[in-house]
Amino acid sequence: MTTIAPEDTGQEALFDATIAADERIEPRDWMPDDYRASLVRQIAQHAHSEIIGMQPEANWITRAPSLRRKAILMAKVQDEAGHGLYLYSAAETLGTGRDELLDKLHTGRQKYSSIFNYPTLTWADVGAIGWLVDGAAITNQVPLCRCSYGPYARAMVRICKEESFHQRQGYELLLTLSRGTEAQHAMAQDAIDRWWWPSLMMFGPPDDESAHSAQSMAWKIKRHSNDELRQRFVDICVPQAETLGLTLPDPDLRWNEERGHWDFGPIDWTEFREVLKGNGPCNDERIGRRRRAHQEGAWVREAAAAHAAKHPAHTPHAGTDQEEAAR
Ligand code: BYC
C-alpha cells in the first residue's frame, strides 16, 4: 500500500495555516505526530501535577484551625481533583487513555511539577501554596487559555477561574497570620522563606536550557517562554509581599528602572534537577501514596465499568455527533 504524505493532501498546509491564523486545532483535525506527542506530554504532566498537588494540602484538612478554613480547604482540594479530570479528558481527545497516563506517572515515566515534592510543615504553608504556588500556576496558565489545541485551551479557562479563588484564599490566609500574633507572623514568614524559590522553579528551566519551548511556542501551545513568565510572577509578587507585611527571601531583589522589572538573585538549578531526578524531600512519599490510592480505588473503577456495560445509554460516549457538536 502506498501512503500519501500529508503535504500531498494539503493537510499539513491547513494545519500550518490554522496555527498562523491563531485558530484552534480540534481533535479530528490532522496534526503532526510531534504536535500530538508534545501536547500529550504537557497535558499529562499538568494533570499529574493537579492530582499529586492534592496531597500536600490535604495533609492539613483535619488540622485546619476553624470550620470556615476547613470548608475552604476541602473545596480547593476537590477543585484540584476536578482539574486533573478535565486535563486527563483533554489528553484522551488526543487518543491517549487515562490508564496509560496514570501507569506512566506511577512508573516514573512522566513527570509532575517539582513544587509538590516539598513538605507542608505548618498551617501557614497552606497560605503560601495558595498565594505563591497557585499564583505561579495562574501566571503560567492564563496564556494557556489561548493554546492552539482547543480542548486544552477550553479546560484552562475554567481551571484559571478556580485557581484565582485558590490564590486569593492563600493571600487572605497569609494576611490574617501576618497581622496576627508575633508567632503567627513568624510562621507566615517562615513559610514564604521555604516556598519562594521552589515556586520560581515551577516555570521550568531557564530559556537556554528549555528543550521544548521553541517548538511549543512555534506551535502556539506555549505563548511565552519560561523566563518571561517567571519575571512576570516576580513583578506581581513583590508589591503583594509588601502589602502582606512579609519579606521575600532574596537579598538581590531590586527594581531595575531601565528594564522596568524587578531583578532577582540566582536560582539553585542543581536543587531543581535533583528534585526532577526523584531526590526531593517528598518524592517517594508522594508517588507511594498515589500508587496506593490507585490500588485502593480499583474496585470503584471496576464497578463503574460494570455499570457502564449494563447501562450503555447512560455512558458519556453514547452521545450522538450532533450532541457532541453542540457541547
Ligand atoms: N517540574 O523544555 P521545558 C498547579 C520538565 S499544577 C517538573 O521547559 P516545557 C496546582 C519538562 O516537563 C501546576 N518538571 O518544558 C495543583 C521537561 O521534561 P519532559 C502544573 C518540569 O513543557 C495543585 C523538562 O523539564 N502546571 O498549579 O516547554 C495545587 C524540560 O522543560 C518542570 C503545569 O503543568 C517543573 N517545574 O515547559 C496547586 C502547566 N519544569 O516533559 C497548584 C503546564 C519543566 O521532556 N505546563 N519540567 O520529560 C507548562 O506550562 C510547561 O510544561 C512547563 C515546562 C512550563 C512546566
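A salt bridge is a side-chain nitrogen of Lys or Arg within 4 Å of a carboxyl oxygen of Asp or Glu. The structure holds 19 salt bridges. This is a predicted model, in which local features need pLDDT of at least 70, side-chain atom pairs count only at pLDDT 80 or more, and totals for chains, interfaces and linings use all residues. Residues are numbered from 1 along each chain as its sequence is written, and side-chain values use heavy atoms, with hydrogens and water left out.

Q: Why is the pair of Arg223 and Asp22 called a salt bridge?
A: The closest N and O atoms of Arg223 and Asp22 are 3.0 Å apart, and the limit is 4 Å, so the pair counts as a salt bridge.

Q: What does the pair of Arg223 and Asp22 tie together?
A: Arg223 lies in the loop between helix H10 (213-218) and helix H11 (226-244), and Asp22 in the loop between helix H2 (11-20) and H3, so the pair ties together parts that are 201 residues apart in sequence. Helices here are DSSP runs (H or I, at least four residues), numbered from the N terminus.

Q: Which polar side-chain atom lies 2.8 Å from an oxygen atom of the ligand?
A: That atom belongs to Asn226.

Q: Which helix gives the most to the shell around the ligand?
A: H3 does, with six residues.

How values were computed:
Polar contact = N/O pair within 3.5 Å; in protein donor to acceptor, adjacent residues only side chain to side chain. Helix = DSSP H or I, 4+ residues; strand = E, 2+ residues; numbered from the N terminus.
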